[in-house]
Amino acid sequence: LSGDNSIVGVDSAEVVKQVINKVNERGGIRRTFVEAFIEDDQYLTAKTLTAYQRLVHTKGVKILFVLTYG
C-alpha cells in the first residue's frame, strides 16, 4: 500500500474490502463472517516473509490471497 508499486495494493485492497462486506452482508460463509488482514510489504521480499509469519503464526490466518503482478 506504499512504495513504488503502491497502486497495485491500494486498488486490490479496496476490491477485497468490498467483496468481504458483501459476503458478510449475506451471512458470511457457512454463517462465519470473513475478516481481512491487509499487510504492506512495499514489494520487498523480506517484508513479505515477515507479514506472512505475522498473519499465519500470530493471527492464525488459514487462507491467504497474495496480490502481485509481473
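Where is the place of asparagine 24? Asparagine 24 sits in helix H1; helices here are DSSP runs of H or I, at least four residues, numbered from the N terminus. Before going on: this is a predicted model, with local features needing pLDDT of at least 70 and side-chain atom pairs counted only at pLDDT 80 or more, while totals for chains, interfaces and linings use all residues. Residues are numbered from 1 along each chain as its sequence is written, and side-chain values use heavy atoms, with hydrogens and water left out.

Asparagine 24 is buried, because its relative accessible area is 17% and buried means under 20% with a 1.4 Å probe, protein chains only. Leaving aside neighbours within four places in sequence, asparagine 24 is in contact with Phe33 and Val34, contact being heavy atoms within 4.5 Å.

Next, helix H2, residues 45-58. Its 14 residues should span 20 Å, and the end C-alpha atoms are 19 Å apart, which agrees; the expected span is 1.5 Å times one less than the number of residues. After H2 comes glycine 60, with a positive phi near 75°.

Now the pocket. The largest pocket has a volume of about 1400 Å³, that is, the space filled by probe spheres set on the grid points, which are joined across faces, edges and corners. A pocket is an open set of points on a 1 Å grid over the protein atoms alone, where a 1.4 Å probe fits, with protein on both sides within 12 Å along at least five of seven lines; lining residues have an atom within 4 Å of a point. H1 gives the most to this lining, with nine residues.

How values were computed: Helices (H or I, at least four residues) and strands (E, at least two) are DSSP runs, numbered from the N terminus. Buried means under 20% relative accessible area, exposed over 50%, partly exposed in between (1.4 Å probe, protein chains only).
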